[in-house]
Amino acid sequence: MLLAAVQSDTTWHDPATSRAGIERLLDDAALPAGSLALLPELCDVGFTIDLDRVLPSTAPGWAAAQAKRRDMHLAVGYPRRADAPGEDGMGRNECAIARPDGSLAPAYAKVHPFGVGRETEAYSGGERIVLVTVGPFTACPLICYDLRFPELWRLATLAGADLFLIGASWPAERQHHWRSLLIARAIENQAFVVACNRVGSDPTLHYAGGSLIIGPSGDVLAEGGDSATVIAAECDAQSLAVWRRKFPALRDVRASLLGTIEIVRA
């Protein structure tokens, strides 16, 4: 299956311009039917805590329409205010996978908002992992700062994940952390990882892209530079299964050390 990362330049608080840039990249890439493409964190507004400026978001509906028109899966990052009965009224930094038929899988809400970057002032963390069947894979969407918390990835792996999708607004000043941690997560979970980081700048930070597609033994299959682009790689679920059988490290995980989390399957 062809997996891709759409490394776009998000225009601050401007969904129309940001989406137009993403659509141009997708048009140029001409990904085949049945592909999956991942967009960055908060892909059409930027890493903002000014929710009154960017809500309500129509990004999920836009992504669903794009996925249906292009006959592909499209994983979209966007903000939401949790104001339904029983929710806390805070923001949620979410990712949802739009399917080729135009439907949306259940949304994943970022479990670890980035307190150092003031994200916790506007967003609360999610409480569940979402696993979505995508072609031959069981995909787990995660978001940016979640990369630094390997227990979340391990819980997803033990629940059946073999493909991780992580959209990000990861600052250029810590770019070496981004690359090193992504490769480590792929190796330790014996899983494919598609990681999409934005490029460009917002009012406070610069972003250097460096999106990656990594195989289950840590091989870098595709890597982006610091400009807007689409990277893609053919990823074989059978080769992953062979590697897990050949080197069955996951059998030795002591799950009792990890705790528990709600798992949603779709």
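The following legends describe close-up views of a predicted model.

**Figure 1. Salt bridges around R80.** The structure holds 13 salt bridges, and this view shows two that involve R80. Side chains of opposite charge can pair when their charged atoms come close. R80 pairs with E87 through a salt bridge with an N to O distance of 3.2 Å. A salt bridge also joins R80 to E94, here at 2.9 Å from N to O. The pair of E94 and R80 links distant parts of the chain, 14 residues apart: E94 belongs to strand β4 (residues 91-98) and R80 to strand β3 (residues 73-81). R80 is partly exposed, because its relative accessible area is 27%. E87 is likewise partly exposed, with 32% relative accessibility. E94, by contrast, is buried, since its relative accessible area is 5% and the limit for a buried residue is under 20%.

**Figure 2. The salt bridge between D88 and R92.** In this pair, the closest N and O atoms of D88 and R92 lie 3.0 Å apart. D88 has a relative accessibility of 44% and therefore counts as partly exposed. R92 is buried, with a relative accessible area of 11%.

**Figure 3. A network of salt bridges.** Three residues, E41, K110 and E119, are linked in this network.

Figure 4. Helix α3 is made up of 12 residues, numbered 59-70. Which residues of α3 are buried? They are A59, P60, W62, A63, A64, Q66, A67 and R70. These buried residues pack against α1 (15-29), β3 and β4. After α3 comes D71, which has a positive phi, near 55 degrees.

**Figure 5. The largest pocket.** The space in this pocket is about 340 Å³. Its lining consists of 18 residues, and those nearest the centre are F47, G117, D202, T204 and L205. By class, the lining comprises 10 nonpolar, four polar and four charged residues.

**Figure 6. The largest cavity.** Rolling a probe the size of a water molecule over the atoms shows where empty space is left. Two cavities of 30 Å³ or more are present in the structure, and the largest has a volume of about 70 Å³. The residues that line the largest cavity are F114, C144, Y145, R148, S169, W170, P171 and R174. Five residues of this lining are nonpolar, one is polar and two are charged.

**Figure 7. The second largest cavity.** This cavity has a volume of about 40 Å³. The lining divides into eight nonpolar, three polar and two charged residues.

Figure 8. Strand β1 (residues 2-7) contains A4. Is A4 buried or exposed? A4 is buried, because its relative accessible area is 1%, and the limit for a buried residue is under 20%. Apart from its neighbours within four places in sequence, A4 is in contact with L31, L36, A37, L38, V194, I213, V230, I231 and A232. A separation of 31 Å, C-alpha to C-alpha, lies between A4 and D252, which are 248 residues apart in sequence.

**Figure 9. The position of S256.** S256 sits in the loop between α6 (237-246) and β15 (262-265). With a relative accessible area of 68%, S256 is exposed, because the limit for an exposed residue is over 50%. Along the chain, S256 and I97 are 159 residues apart, and their C-alpha atoms are separated by 30 Å.

Definitions and conventions
Residues numbered from 1 in each chain as written. Predicted model: local features only at pLDDT ≥ 70, side-chain atom pairs only at ≥ 80, totals over all residues. Heavy atoms only, no water. Salt bridge = Lys/Arg side-chain N within 4 Å of Asp/Glu carboxyl O. Buried < 20%, exposed > 50% of the residue type's maximum accessible area, 1.4 Å probe, protein only. Helix = DSSP H or I, 4+ residues; strand = E, 2+ residues; numbered from the N terminus. Expected span 1.5 Å × (residues − 1). Contact = heavy atoms within 4.5 Å. 1 Å grid on protein atoms, 1.4 Å probe; cavity = no way out; pocket = protein on both sides within 12 Å on 5 of 7 lines; lining within 4 Å. Points joined across faces, edges and corners; volume = space filled by probe spheres on them. Nonpolar A, V, L, I, M, F, W, Y, C, P; charged D, E, K, R; others polar.
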